[in-house]
Amino acid sequence: MNLLFQISKLQLSSKDHTSSPDWSNLPEELLHIISSKLQDRFDFIHARSVCRPWRSIFPYPSSPLRTTYSLPSFHKFPHRGRGGDVCTLERFPVFLFRLQSASPPQFFVGGVGPDKSEDHVVNIADCQIIPLGYMCRMVGYDPDSLATSYRAAAILPLNEDTGEFVVLIGYAHHILALRSTEMIWRRVELCSRADCSDIVTFRGKFYAVFINGDVFAIDPYILETTPLRPPNIPGCGRQNYLVPYGDDEGLYLVERIIVRNGVLSFTKMVCRVSVLDVEAGEWVVVSDLGDRVLLIGKPGNSSGNGSCSAKELPEGCGVSGGSMLFINEIFDETFPYKYGVDSGNPGDDLNVWRCSRETRVTILNKSPMVALRIERAEP
C-alpha cells in the first residue's frame, strides 16, 4: 500500500532530518482508518513493525501467512506409496529484517511463522522489514542433506477460480511434476540428466537449475522443457543460482566460477551474472545491477533466492545497490560481491564479479533464520 510505504520511509530516513518523526503520536482514529485499507499480509507485518502502539492497533493477519498442501509421497518414485503416505509442501513469504538499533548493522533473512511466532526469533517492532517474495519447502526434507534425494520445490497456480495448481520438485536425477487434478507424480521428460539444485518461478513458468550448469524453462500446462544453458567457460566449472527480482521484473542467473585443478577458496571465487531475455530465450551478461541487491542462499531449507532494492535501505547500513550476498556459506564469514573489484593482482580480470573486502559479513546463525552482521572490514 502506498500510504504505508511512505510512512515507513519517513520513519526510517532520519539521515535527512535532525530528528525522526514520532509515529506513535498519530491519532488512534487515523490508525484504524489505515488498518481498514490494508489488504496485503505483507503490509500488516510491515505496519506492526513501525512502533509499539501500531503493533497493538494492527492485528496479526487473520489469514495464514503460510499455505500448506498435502500431497502424495514421492520418496519411493517411480513406485507409488501406500494410500496414506503423504508429504507436505509449504509456501511462505520471506522477509529481510534490518535491526535498527544494532551497531554494527544486523540483518535477518527468513519467513514469518503462524501465531506470532516471529516474536521468538526477532523483535519486529525494532526492525525495518522488506518483503523478498515467496519460497517453498517440503516439510521434513533438507535439500542439502545426503540422506535424501530431494533437492527443490516450487508451485504455480493454473486456475485461481478452481484452485488448480502444479507442483515441481527435484528428486534424485529427475524433475517430478504433480497436477492437483490428478495427484500423481510424473517424470518431466527431455530434461537434464544431472541432479536439480533449485527451482524458481518467473512469469508463469518454472525454471530449474542443475549441478552441471544446465538451466531449463518448464511450461506448467504441458510440461514442455526449453534449454537455457549459458555459454561454457573454458577450463572452469560453476555453481549456478537463479534469483528472481521483484514482481516478475527480472530473472538473474549467477554463476560462481570454479577453476578446475585450482585451490578451492570461496573468498577468491569470481562470478558471472546474466539476466534472462525472455523474448530471445537467452541469457544476457550484465555488469550492473542498478540499485538491486541479490541475496543468494536457502533460508529455512527452502527453494529459491531473494532480492531487494537498496533504495529501501538507509545509507550506511552496510548493504548497497549493485551487489550480491551469499548468505548461507559453509564458513561463517563472507564478503559482498561487486563488479570490477581490483584484487591487487595485475593478472586478474576486472570484468567479473568479485568479493569486495571493504565490508565483512559474519553469518551469526542459519536456522530458523539467517542472521548477518555487516561491518567495515579492517585494512
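**Entry 1: strand 23 and its partners**

I began with Glu333, whose bridge partner in strand 23 is Thr362. Helices (H or I, at least four residues) and strands (E, at least two) are DSSP runs here, numbered from the N terminus. What I am reading is a predicted model, where local features need pLDDT of at least 70, side-chain atom pairs count only at pLDDT 80 or more, and totals for chains, interfaces and linings use all residues. Residues are numbered from 1 along each chain as its sequence is written, and side-chain values use heavy atoms, with hydrogens and water left out.

Strand 20 (residues 333–334) runs antiparallel to strand 23, and two bridges join them. For my own record, two strands pair if DSSP finds at least two bridges between them. Then I followed Thr362 to its other side: it stands opposite Arg373 in strand 24. Strand 23 and strand 24 are antiparallel and joined by six bridges, and they form a hairpin with four residues between them.

Is strand 23 enclosed or open? Five of its seven residues are buried, so strand 23 is largely enclosed by the rest of the structure. Buried means under 20% relative accessible area, exposed over 50%, and partly exposed in between (1.4 Å probe, protein chains only).

**Entry 2: the core**

Next I looked up the largest nonpolar core, which has 22 residues. A nonpolar core is a set of buried Ala, Val, Leu, Ile, Met, Phe, Trp, Tyr and Cys residues joined through side-chain atoms within 4.5 Å. Leu96, Phe107 and Val319 have the most contacts inside this core. At least two of its residues come from each of strand 2 (86–99), strand 3 (106–111), strand 4, strand 17, strand 23 (359–365) and strand 24 (370–376). I noted the general background too: in soluble globular proteins, nonpolar side chains tend to be buried together.

I took Phe107 for a closer look. Leaving aside neighbours within four places in sequence, its contacts (heavy atoms within 4.5 Å) include Leu96, Phe97, Leu313, Val319, Val370 and Ile374. Arg98 is also on the list for Phe107.

I found another open sheet of four antiparallel strands in the order 9-10-11-12. Its edges are strand 9 (196–202) and strand 12 (225–227), each with a single partner strand, so one side of each lacks a neighbour in the sheet. The twist averages 25° from one strand to the next. Strand 9 and strand 10 (residues 205–210) pair over six bridges, with Asp198 opposite Val209.

**Entry 3: Ser303**

Ser303 sits in the loop between strand 17 (292–296) and strand 18 (306–309). How accessible is Ser303? Its relative accessibility is 4%, so it counts as buried. A polar atom of its side chain lies 2.8 Å from the backbone nitrogen of Ala153.

**Entry 4: Arg272**

Arg272 lies in strand 15 (residues 270–277) and is buried, with a relative accessible area of 17%. I looked for its polar contacts (pairs of N or O atoms within 3.5 Å; within protein, one must be able to donate a hydrogen and the other to accept it, and residues adjacent in sequence count only if both atoms are side-chain atoms). The side chains of Arg272 and Glu255 are joined by one of 2.8 Å. The side chain of Arg272 also reaches the backbone oxygen of Pro231 at 2.7 Å.

**Entry 5: Gly140 and totals**

Gly140 belongs to the loop between strand 4 (127–138) and strand 5 (150–159), and is exposed at 78% relative accessible area.

Conventions: Axes are lines fitted to C-alpha atoms, for helices over the stretch in contact, and angles run from 0 to 180 degrees between N-to-C directions.
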